[in-house]
Amino acid sequence: MSSREKILSEVLKNQPPAVPLPLISFKGNEQDNVQEYIDTFIGIGGKAVKVDDTDSVKALIGEQFDTSKRMITTLSEFADTLELYSPQADPHSFENVELAVIKAHLAVAENGAVWVTEEVMGQRIIPFICQHLGVLVDAATIVPTMHEAYAKIGSGDYGFGVFIGGPSKTADIEQALVMGAHGPLSMTVFIVNR
Amino acid sequence: MEQNLHKSVTQARATAHTPNTFFGGKSHSELAAEFNRDEEHVTWHDGALWWIRQKRDKISKQIPEWEDLREAASQIKSHLLSSLHDYLIEFENNLQKNGIKVHWAATAEEHNDIVYSILRAKGITQMVKSKSMLTEECHLNEFLEERGISVVNSDLGEYIQQIDQEPPSHVVLPCIHKRKEEIGELFHKHLGTEKGLSDPTLLTRAARKHLREVFLTRRGALTGVNFAVAETGEFVVCTNEGNADMGAHLSEVHIASMGLEKLIPKKHHLSVFLRVLARSAIGTPITIYSSHYRKPRPGQEMHVVLVDAGRSRQLGRVDFRDSLKCIKCGSCMNTCPVYRKGGGLSYHNTITGPIGAILAPNLDMKRHADLPFASTLCGSCSNVCPVKINIHDQLYKWRQVIVKEGYAPKGKAVGMKAMAKTLSSPGLFNSAGKFGRWVMKHVPFALNNSLNAWYKHRDMPKPPSRSFAQWYSRNKSGNKNI
């Protein structure tokens with residue numbers, strides 16, 4: 001008997017009589033998703049700013065980041081200031097990226113996380129390997145809780161997707177919080193009001 | 001530098017540091033006594049974990065439906081366990097549709113063989129690993145290193161534990177028992193940081209620099225799995241550091257090892273689990289990264305290893321099967337007075353704390369017979385558990401199983417036999433009480449000595465002059481002169 005058959009037969013023999021799935025009908029409070037999002041995300045250690053258009057994002061990037069270093073994006077509207085990278089490039093080649101700017105599908109007010117898939121990342125490694133991460137979020141796509149987020153995502157057609165809720169962090173050394181464990185040292189969310 | 005690290009890690013492993021030999025066969029109370037030698041540090045440890053427990057309380061109270069979420073999470077897992085067979089098959093089908101290779105491992109040894117054969121087929125001799133309690137349980141690192149494959153643990157806490165040749169002491173905070181000065185010393189030795197450096201930010205930066213080089217040069221990456229969705233054939237890995245993703249997305253081969261119990265039926269169930277996991281674990285609203293892996297990257301190989309290693313057996317133990325609902329948040333450890341004062345390494349098991357004490361006897365009842373007794377049965381663990389496992393009831397029930405099977409710690413077995421005899425005979429009970437009061441009054445050292453753990457750090461109470469039965473019979477007969 002293969003291990004597969006052995007495991008499955010043991011599980012079948014030992015599992016308890018079937019109990020039904022509970023009905024999941026949680027709903028968030030839709031009051032002011034944008035303000036709740038900003039408060040939560042800043043509380044985590046992220047930066048969140050409301051912007052009116054692409055130009056104001058470009059101006060903020062110029063002020064807040066070292067523009068002499070490599071800055072990349074998947075967004076064609078930034079092609080005049082940032083490098084548009086190829087989704088086919090070797091992922092190791094992004095090791096020297098200072099800032100990556102991508103766009104999220106949606107964001108979650110209760111925990112500050114943005115949902116991004118391979119499609120908007122271009123390359124899976126991008127939001128992890130860059131020193132600083134910038135994410136554009138359309139204000140209208142902010143949902144109150146994870147329940148609304150998964151309702152929007154549905155089954156989804158992606159090879160990889162991730163909720164990102166701030167800069168990479170650790171508190172493994174005596175519980176002292178340090179931003180920038182292995183991933184970005186900072187994360188800025190630009191909330192675009194259209 | 002890096003080669004030195006590998007050399008030293010390999011040498012350390014070669015000197016047979018499997019956790020059983022690491023703990024030297026010592027009991028929980030012996031290991032906890034060793035941890036208690038540094039009283040000041042134990043006080044810090046106690047306070048640090050209690051602080052996390054308080055953060056969990058604070059953030060959970062911001063969610064009005066918190067208790068309903070716990071109940072939902074618990075019921076989803078009850079349903080999962082009751083239909084695990086079918087969900088495993090559904091998951092396997094969907095993984096295969098997604099282009100992920102599926103492997104089944106009945107034992108820890110088989111798991112290790114599978115991982116080794118995957119790496120060997122690709123000629124990989126260096127692997128980076130993110131946090132995975134399962135592979136710690138299987139002693140994968142030692143196994144691979146004996147076969148010429150070096151492994152670097154990339155979670156900062158696990159990396160620190162690895163270079164110190166110790167197992168993790170906590171599922172979420174692997175080196176919570178260590179002082180920053182000790183970590184500074186380890187980094188000085190292994191990473192060449194300045195001697196005496198103990199600033200957590202600077203130490204983290206040194207590790208970041210070193211481990212980035214590791215991520216960039218490893219062709220093989222192994223991650224754990226937090227949740228696996230049967231419905232879609234994807235698996236979710238939660239980290240705050242981003243180490244799982246740095247390893248996986250730069251690798252040619254990504255292996256994800258998971259216990260059978262990590263499955264959940266539907267994708268939208270993730271909303272319930274991701275809402276309770278980080279809040280329970282460290283009092284934050286969500287982990288920084290909740291990564292959903294569904295298909296390999298073009299040109300990459302992705303493997304999932306489904307591991308039983310005692311889980312199907314635990315599923316058959318009616319009183320203990322609910323322990324398989326665990327989502328490894330560690331909240332039962334943070335709240336446990338015994339854990340906070342005794343340290344995680346005192347549990348001589350990969351999964352420590354209260355949940356470890358109900359999982360471990362299933363793996364090796366004889367070796368872990370003392371663990372269900374390492375509890376006050378205060379019930380705090382059950383009260384904070386996000387999937388509502390009745391941990392303290394199970395601890396109590398394991399004690400009965402262990403005594404019945406003849407594995408009770410010796411002192412306890414003798415004591416319990418004497419107690420059973422005394423309590424079943426009123427005459428013996430009365431004279432034993434009389435004798436006890438006489439002993440406490442006249443020869444207190446017979447009780448208060450180094451053989452009696454109850455008197456460590458405690459004072460003797462004053463013995464009563466008579467028993468309750470004597471008091472009652474006088475009082476009942478109308479004699480109020482008591």
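1. Conventions. Residues are numbered from 1 along each chain as its sequence is written, while chains are lettered from A and ligands numbered from 1 in the order in which they are written. Since this is a predicted model, local features need pLDDT of at least 70 and side-chain atom pairs count only at pLDDT 80 or more, whereas totals for chains, interfaces and linings use all residues.

2. Chain A overall. Chain A has six helices and twelve strands; these elements are DSSP runs numbered from the N terminus, with helices being H or I of at least four residues and strands E of at least two. The C-alpha trace of chain A spans about 65 × 45 × 40 Å along its principal axes. Of the 194 residues in chain A, 47% are buried. A residue is buried if 20 or more other C-beta atoms lie within 10 Å of its own, exposed if 12 or fewer, and partly exposed in between, with C-beta atoms placed from the backbone. Among contacts in chain A between residues at least 6 apart in sequence, 73% join residues at least 24 apart; a contact here means that the C-beta atoms of two residues, placed from the backbone, lie within 7 Å.

3. β9(A) runs antiparallel to strand β9 (residues 289-293) of chain B, and five bridges join the two. Strands pair if DSSP finds at least two bridges between them. A:Ile164 is opposite B:Tyr289, and A:Val162 is opposite B:Ser291.

4. The surroundings of β9(B). Within chain B, strand β6 (residues 234-239) is also joined to β9(B) by five bridges, and these strands run antiparallel. In this pairing B:Phe235 stands opposite B:Tyr293. Which residues of β9(B) point one way and which the other? B:Tyr289, B:Ser291 and B:Tyr293 point one way, B:Ser290 and B:His292 the other, and all are buried. Because five of its five residues are buried, β9(B) is largely enclosed by the rest of the structure.

5. Helix packing across the chains. Two packed helices are described by the angle between their axes and the distance between the axes. For α6(A) and helix α14 (residues 269-282) of chain B, the axes come within 8 Å and cross at roughly 145°. Axes are lines fitted to C-alpha atoms, for helices over the stretch in contact, and angles run from 0 to 180 degrees between N-to-C directions. The contact is made by A:Met146, A:His147, A:Ala149 and A:Tyr150 of α6(A) with B:Leu270, B:Ser271, B:Leu274 and B:Arg275 of α14(B). These residues divide into five nonpolar, two polar and one charged.

6. B:Ile282. This residue is found in helix α14 of chain B. B:Ile282 counts as buried because it has 21 C-beta neighbours inside 10 Å. Not counting residues up to four places away in sequence, B:Ile282 touches B:Ile52, B:Lys55 and B:Val172. The C-alpha atoms of B:Ile282 and B:Cys329, 47 residues apart along the chain, are separated by 8.2 Å.

7. Backbone points to check. Most residues other than glycine have a negative phi. A:Glu174, although not a glycine, has a positive phi of about 50°. A:Glu174 lies in the loop between β10 (169-170) and β11 (178-179) of chain A and is partly exposed, with 17 other C-beta atoms within 10 Å. B:Gln165 is not a glycine either and has a positive phi of about 55°. The place of B:Gln165 is in the loop between α10 (156-163) and α11 (180-191) of chain B; B:Gln165 counts as partly exposed, with 14 C-beta neighbours inside 10 Å.

Definitions and conventions:
Nonpolar A, V, L, I, M, F, W, Y, C, P; charged D, E, K, R; others polar.
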